[in-house]
Amino acid sequence: MELYVFYLFAFIAVLAALGMIALRNPVHSAMSLALVFFALAALYVLLSAPFIAVAQVMVYAGAILILFVFVIMLLNPDLDQGAGALPGQRILAVGFGFALIVELALVVFTAVLPTARGIATPEWLAQQGDVQALGALLFSDFLLPFEITSLLLLVAIIGVIVLTKKHKAGN
Amino acid sequence: MLTVTHFIFLSAILFCLGAVGVLIRRNPLIMFMSIELMLNAVNLAFVAFGRFLQDLNGQVFVFLILTVAAAEVAVGLAIIVAIFRARESVDVDQVNSLKG
C-alpha cells in the first residue's frame, strides 16, 4: 500500500517537474512547481514527518511561490521568445543532465547504506510527539544555527528593501 | 517494501531535472524555480535518510534549508526586479556589464 502511494506521488512530482522546465509560459511553470511542492509534502507525510510537510506547504507553496507569481505579474516577461536557446544549448543541457542522473543512479544503487541506529524510532516519536521532539532539538543542539537563521532573515529583509528602493535622480 | 533507495533515487531524479532546467532555460525566473526544485530534492533526501536512520537531525536540517530558501528567493527576485527596472528586460544574456 505504502509503495503505491509512493509511486503515485513520485510520478506526479517527476511529471510536474518536467512540466516546469518544459512549459513556455512562466505562470504555467509556477503552477507545475506548486504541484511538485504538494507531491513532496505528501511524501513527507509518508516519511512520518508531518511538521515538515506542513512547513513545506506553508513556506514553499504559500510564500515562495506566491512571490514568484507576483514577480511574474509585475514584470510580465513573455520571454523565451524565439531568440531563446543558444546553438547546441538544449542538446548539451540534456546530455549533461543524463550524465548526472547516470552518475547519481550508480552511487544510489551501489552505496552501502548504514542501518538504523538513532533514537527516533516510530514508537519514540509517537510517545514524544513529532513537533515537540523537533522543537526540543532545535532549541538545544541546533540553537546557534537557529539564531543565525534569524540574522539571515534580517539581512534578507534589509537587502530586499535596499535592492528594490527607487534611487533618487542624480544618486 | 518501501526502502530509503526509493526516496533517494526520486530525489536524484528531481535534482537532475532542476539542473537541466537551469541549463536549458533562458528565463531567469524559471532558472530560479529550477534552483528551488534542486533544494527540494535535497530536502527529500534529508528527510528520507532521517526517517530510515531514525534520526531527527535530518528534519532540523530541512527546517534550516527552508529558511535559507525563503531568504534566497526574496533577495534573488529583488535582484531580478532591479535588473528589469534598469534594462527593461530580464534576458540573462543582457546582464553582461561585468564582462571584460
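## Basis and overall dimensions

The radius of gyration here is taken over C-alpha atoms, and the globule rule is 2.2 Å times the number of residues to the power 0.38. By that rule a compact globule of 171 residues would come near 16 Å, but chain A has 21 Å. For chain B, a compact globule of 100 residues would be near 13 Å, but the chain has 17 Å.

This is a predicted model: local features need pLDDT of at least 70, side-chain atom pairs count only at pLDDT 80 or more, and totals for chains, interfaces and linings use all residues. Side-chain values use heavy atoms, leaving out hydrogens and water, residues are numbered from 1 along each chain as its sequence is written, and chains are lettered from A and ligands numbered from 1 in the order in which they are written.

## Chain A

Chain A has seven helices and zero strands. Helices (H or I, at least four residues) and strands (E, at least two) are DSSP runs, numbered from the N terminus. Along the sequence the pattern is α-α-α-α-α-α-α. The C-alpha atoms of chain A fill a box of roughly 60 × 45 × 25 Å along the principal axes.

Buried residues make up 34% of the 171 residues in chain A. Buried means under 20% relative accessible area, exposed over 50%, and partly exposed in between (1.4 Å probe, protein chains only). Contact means heavy atoms within 4.5 Å. Of the contacts in chain A between residues at least 6 apart in sequence, 48% join residues at least 24 apart.

## Chain B

Chain B has three helices and zero strands. From the N terminus the order is α-α-α. Its C-alpha atoms fill a box of roughly 55 × 25 × 20 Å, again along the principal axes.

Of the 100 residues in chain B, 58% are buried. Among its contacts with a separation of 6 or more, 59% come from residues 24 or more positions apart.

## The A–B interface

Chain A brings 88 residues to the contact, and chain B brings 70. The two chains bury about 7000 Å² between them, 80% of it on carbon and sulfur atoms. Buried area is the accessible area (1.4 Å probe) that two parts lose on being put together, summed over both. I21(A), L47(A) and F68(A) supply 10% of the area that chain A buries against chain B, more than any other three residues.

Between the chains there are zero salt bridges (a side-chain nitrogen of Lys or Arg within 4 Å of a carboxyl oxygen of Asp or Glu). Eight residue pairs are in polar contact, both residues at pLDDT 80 or more. A polar contact is a pair of N or O atoms within 3.5 Å; within protein, one must be able to donate a hydrogen and the other to accept it, and residues adjacent in sequence count only if both atoms are side-chain atoms. On the chain A side, α3(A) gives the most, with 13 residues.

## Two loop residues with positive phi

Most residues other than glycine have a negative phi. S48(A) has a positive phi, near 45°. S48(A) sits in the loop between α2 and α3 of chain A. It is partly exposed, because its relative accessible area is 32%.

Q54(B) has a positive phi of about 55°. Q54(B) lies in the loop between α2 (28-52) and α3 (57-87) of chain B. At 19% relative accessibility, it counts as buried. Leaving aside neighbours within four places in sequence, Q54(B) contacts F49(B) and, from chain A, A116(A), G118(A), I119(A), A120(A), T121(A) and P122(A).
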